[in-house]
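Here's a quick briefing to read alongside the coordinates. Have the viewer open and follow along.

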Amino acid sequence: MRTTTQKLPGVRSLGWVDCAKLPRRVDLQGICRMPVAVLTDITPVEFFGEPECQCVTEKESGRSTDTATLRFRCADVLPTASVALGFVVTDQSGKSWLIGCAEHPRPTVKGTIDFGAPDGDPAGFTYEVSHKALKSLVPCVI
């Protein structure tokens, strides 16, 4: 088994999209290295701290699988119960990346509420997004 890890060079902006409104089979476009056009509303997420975004590619028995992971902290609650969330991440070099697709499997979003500490730790929500697919961190045009 061979493993490759890709880490984005810092996150400039972050936004969520409704996966149901994404084009079909973005994973196949990602394999062909074709940027995907995101033609739906992107709701910006005001994050604080340093978000982390990485993608691990595993090749086993001639099959390749990507696992993208995005971790960030923000002050707002995301609508995880009503919408299947996908995320558009723009790195410091200005490239945008899509995590999510219209088909299953869709990204898994885990949210944690932090109340902070009296010594100055910030209160807010910590989210960890994980998406495992044929191609998961797909270049996109917004």
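Start with D27: setting aside neighbours within four places in sequence, D27 touches L134 and K135. Keep in mind that this is a predicted model.

- D27 sits in helix 1, which covers residues 26-31.
- D27 has a relative accessible area of 10%, and the cut-off for buried is under 20%, so D27 counts as buried.
- D66 belongs to strand 6, residues 63-74.
- At 1% relative accessibility, D66 is buried too.
- What does the side chain of D66 reach at 3.3 Å? That would be the backbone nitrogen of S136.
- Beyond neighbours within four places in sequence, the contacts of D66 include C55, V56 and T57, along with H131, K132 and A133.
- L134 and K135 are also among the contacts of D66, and these are the residues that D27 touches.

- Six strands make up an open sheet with mixed pairing, in the order 3-11-8-7-2-4.
- Strand 3 (36-37) and strand 4 are the edge strands, each pairing on one side only.

- Strand 7 (residues 85-91) runs antiparallel to strand 8, and four bridges join them.
- Across that pairing, T90 stands opposite S96, and V88 stands opposite L98.
- Strands 7 and 8 form a hairpin with four residues between them; in the turn, G94 has a positive phi of about 95°.
- Strand 8 is also joined to strand 11 (residues 137-141) by four bridges, again antiparallel.

- The chain's average pLDDT is 88, and 94% of the residues score at least 70.
- Where is the mean pLDDT lowest among the elements of the chain? Strand 1 (residues 2-7) has the lowest, at 65.
- Strand 4 (residues 43-44) has the highest mean, at 95.

Key:
Residues are numbered from 1 along each chain as its sequence is written. This is a predicted model: local features need pLDDT of at least 70, side-chain atom pairs count only at pLDDT 80 or more; totals for chains, interfaces and linings use all residues. Side-chain values use heavy atoms; hydrogens and water are left out. Two strands pair if DSSP finds at least two bridges between them. Helices (H or I, at least four residues) and strands (E, at least two) are DSSP runs, numbered from the N terminus. Buried means under 20% relative accessible area, exposed over 50%, partly exposed in between (1.4 Å probe, protein chains only). A polar contact is a pair of N or O atoms within 3.5 Å; within protein, one must be able to donate a hydrogen and the other to accept it, and residues adjacent in sequence count only if both atoms are side-chain atoms. Contact means heavy atoms within 4.5 Å. pLDDT is the predictor's confidence in each residue, from 0 to 100.
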